[in-house]
Each structure stands twice: as C-alpha cells, then as structure tokens.
Amino acid sequence: MTNPLSRLPKVDRVLDHPALADSRWRRPILRRFVADTIADARASLLADPSAPVPDLDAVAEQVRDRVVDLDGPHPRRVLNATGVLLHTNLGRAPLSSAVEAAVAQAARYCDLELDLASGKRGSRMAALRPVLAALFEAEDIHVVNNGAAGLLLACTALGDPGGVVLSRGQHVEIGDSFRIADMAAAGGVPLHAVGSTNRTHLRDYEAAIDSAIERTGHGPALLWAHLSNFTQQGFVADVSLAKLGALAKARGVALIADLGSGSLGRGLPPGEPTATQYLEQGATVVSFSGDKLLGGPQAGILAGTREAIARCRRHPLARAMRPGKLAVAALHATAVAHARTGVGPELPLHRAIAISVESLEARGRALCAALGWPASCVRPNQATIGGGSLPGETLPSVALVPPATRAQSAADALRRGAPPMVGRVRDGLLWLDLRSLADVDDDELLACLRQLQ
Ligand SMILES: *Cc1c(COP(=O)(O)O)cnc(C)c1O
C-alpha cells in the first residue's frame, strides 16, 4: 500500500488549478497559502491515517475558500446578540460615529506630535492629558496600549528597586490565562506575595515594607488589584484601599491600584468603583482600560500624582507601549463625550446599559410581529457588562428566542451570515439578546433574522 502522504497533490499543480486562476493574490503569496493548506492536510493524515486523502480539486477548493476568507476587512463587523456588552472576543466597546469620524481624520496625515501654533515638536498626549486628568480628577495621566501595559509600566517604574507587594487574596487571573501577579512582575521587578488566599492584614503589608527596606534600602510599591471578575465569601479579610492608602502615605511608598474596569461614569453601572474614588482613597496611580471603563478604544490609562506619572512616562517601557494615532484619536473623542454636558448617554455602550426593559420588550414584540414569529419568542433574559465588571451581577434584559427547531444549527447559520450575528445557545434554545443589539437598526436586524426562515 502506498503511503497516503505521497498521494497529496504537489504545490505547483495546485497553483495552476483553474479554481485559483482568478485569484487576486500575487503568486508567491498564493504559493505560501497552497503550501500551508497541503501541510495542514498532511498533519491531518498523520493524525488519522485512515482519513480520505484530498485530491487536487479538493485541495484547490480549500485554498480558494481560505483566500476568499482572508480577503476583505479583518476584523469584520458582527452583530452582538450575546448579551455581554463588553465582549473581549467581539472587540469590547462599539465606538460612536463621532469617535469613528475622529479616527478617520487621524487616519490621514495629522498633528499627532506637532504643535501647529508654534511649529515645534509636540506630544501625542497634549490634547488627551487635560481632558482625561479633569475627567478623573487626577494631577496627571498617561496613556499606553491597554490595561495590562498600564499595570506593567506602573509596577516596573514605581516598584524598582524595592519590589511590588500584592495580597495573596488579590492574585487575580483575568481572561486568556493572564495573571495580575505575572504581569506586575514581567518587567523584572520582584513581586512579594503577602497574607493568605482568604485573609490579609495590615501587618502583612507593614512587614513586607520593612523587609524590602532591609534588603534594598528602598520601600516597595504596594499593589491593590480590584477583584473585577470574582467575589470571595466566608472567613475572609482584606485591607481596604483607604487603609492601604494611609499606610502608603505614612511610610512614603507608592500605592498602585489596578482597577481594570469599573464605573463608566454618570453612575453607570451602579455600585462600581471609580478611578477618582481610588485616588481619593490614597492610590498614587490607578490603572484601567480605556475600553472597559470608558467604552472607548483599547487603551490603558494611568491616572495619578504628577511625580508618579512622570516616573512612568520617562521609563523606557513607556516608549514601547505608546498608543498609535488611531487609538489616541478614538480615546480623545471618547473622553470628550464623557466630559461634555448633556442629559443623555452619548456612547453606544452607555445607551445599551441605560435602555429600559420596557423598551426592549416593545422592540422585541415589534420585531416578532414583523418576522411573523409568535409573541412567546420574546423572553426575559440577563445581560452583563462583561470585561470583568460587576462579578456575578447582571442587567435585566430581553432576548428573542427564534422558533427554530435546532438551536445550534440556527446559531451556526447566523454566525456565518452576512453580517454575522453571534448569539448564545442555552438549554437547547438560541437566545438573541436585544440589549447588546442596541446599536443595530431594525432593518438590518430583520434582514439578518430572516435568514433563519
Ligand atoms: C481587564 C483587566 C486588566 C487588563 O486590561 P486590558 O485592557 O485587557 O489589557 C487588568 N486588570 C484587571 C483587574 C482587569 O479586569
């Protein structure tokens, strides 16, 4: 019996296949896609030698499917019917049209680092700093690529050489297996864990400060991590941020608060801490995400004292983490939306949070009527802010549950549709949450849902 691998078609024969004749890719690029496709087929055959060997036509078809998929914009727009408003897999916050317009301006030549009045070199933070500093009532701010970069920069710039002290009760793991303690120490600053998983006391921090001074002659930076994605119950004790702030002040050490997400302002969502509160409680620097906390683009914001922010800004890592012009433009426009007067929420995320259940129900009924679905397809649902906000808490919402018989195949069809819609399959039903679809107009939604019929 011949080795099935030897029956796989050769790269040049696939390249000359008519299925690829009208490809818009240059030949060396296409050659690479063909080689990768054949390599994948080889790996599948090695894993399962009894599988059928794809012939020349089949491999050419596979390559064509791949190149069609690679063409066009990526990431593509999707309709978020998951009920998770800040879904990291779906790009977190949807940006407003005003923010999109600001990004479009910056996409061309722009005054990113030129002061137009004087003609001299300027700072890309020049317009961002005053708005964000006023918004968070901070002496100064600095902006980096994302929240993780903010945490790493603050810990590296302020924790050298005394190290960083973190309670074992705050060794949080966030999405995709990343851990706060690892990110804090990734710049080479030693991390000292204090306390136990369930209980940490002020004396634990005091002892860690003493021992760092003994070892290095310098006090460490204290790190406080917001438990943004879980809660602890039972025999637990933690030192409040305010108490830690008083300790940091008394001992002359920095206190870095990793807020991650939190209140979006205007009391939304209720009960979440704000960066301003953290500063008032004595944090030297607060680090958070521009998308999670402001409903803006991916960005990391450090808000804090003039001196601590200056140390962060001057650290070599700051140059490696600086945001690009598109992010600067989007963040500025987002900050302006937060800072403006006006009664109503201006950002799509604010609107999605603020919308009443009654109006979601009314919309659900109207959509069902237009689709010819029974009114029973409108069901109560629970949405979440996501992005690690409000662990365990949900926003009352409304979902459409299509009268389809097979929920998973309906979900697959919508996800592969144009535009793709992503819902959730639960209890054998497909749930399409209307709160996270707040930014989609009815016509588009109806066109999408009619694909199910
Ligand atoms: C999300 C999160 C981060 C990381 O922020 P990114 O913007 O995703 O890099 C850091 N700390 C906490 C507590 C978070 O929730």
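Analyst: Helices are DSSP runs of H or I with at least four residues, and strands are runs of E with at least two, both numbered from the N terminus; in those terms, Pro75 lies in the loop between helix 3 (56-70) and strand 1 (79-80). This is a predicted model, in which local features need pLDDT of at least 70 and side-chain atom pairs count only at pLDDT 80 or more, while totals for chains, interfaces and linings use all residues. Residues are numbered from 1 along each chain as its sequence is written, and side-chain values use heavy atoms, with hydrogens and water left out.

User: What kind of peptide bond joins His74 and Pro75?

Analyst: That bond is cis, with omega about 0 degrees. A cis peptide bond also joins Asp160 and Pro161, where omega is about 10 degrees, and Pro161 is placed in the loop between helix 6 and strand 4 (164-167). Most peptide bonds are trans, and most residues other than glycine have a negative phi.

User: What value is phi of Glu137 near, and why is Glu137 called exposed?

Analyst: Phi of Glu137 is near 50 degrees, a positive value in a residue other than glycine. Its relative accessible area is 58%, and exposed means over 50%, with buried under 20% and partly exposed in between (1.4 Å probe, protein chains only); Glu137 is therefore exposed. Ser177 has phi near 65 degrees, also positive in a residue other than glycine, and with a relative accessible area of 54% Ser177 is exposed as well. Glu137 sits in the loop between helix 5 (128-135) and strand 3, whereas Ser177 sits in the loop between strand 4 and helix 7 (180-185).

User: How do you know that His87 counts as buried?

Analyst: The relative accessibility of His87 is 19%, so His87 counts as buried. His87 lies in the loop between strand 2 (84-86) and helix 4, and, residues up to four places away in sequence not counted, His87 touches Asn80, Thr82 and Arg92, where contact means heavy atoms within 4.5 Å.

User: What makes the pair of Trp25 and Phe33 edge-to-face?

Analyst: Ring centres (the six-membered ring for Trp) must lie within 6.5 Å to pair, and planes under 30 degrees apart count as stacked, over 60 as edge-to-face and the rest as tilted. For Trp25 and Phe33 the centres are 5.2 Å apart and the planes make 85 degrees, which is edge-to-face. Phe33, at 18% relative accessible area, is buried, while Trp25, at 28%, counts as partly exposed.

User: Which residues have the most contacts inside the largest nonpolar core?

Analyst: They are Leu132, Leu222, Val286 and Phe288, in a core of 39 residues; such a core is a set of buried Ala, Val, Leu, Ile, Met, Phe, Trp, Tyr and Cys residues joined through side-chain atoms within 4.5 Å. Beyond its neighbours within four places in sequence, Leu222 is in contact with residues including Val165, Tyr205, Ile209 and Ile256.

User: How many nonpolar, polar and charged residues are in the lining of the largest cavity?

Analyst: There are seven nonpolar, no polar and no charged residues, namely Val401, Pro402, Ala404, Ala407, Ala410, Leu429 and Leu430. Helix 17 (407-415) and strand 14 (429-433) are the elements giving two or more residues to that lining.

Note on methods: 1 Å grid on protein atoms, 1.4 Å probe; cavity = no way out; pocket = protein on both sides within 12 Å on 5 of 7 lines; lining within 4 Å. Nonpolar A, V, L, I, M, F, W, Y, C, P; charged D, E, K, R; others polar.
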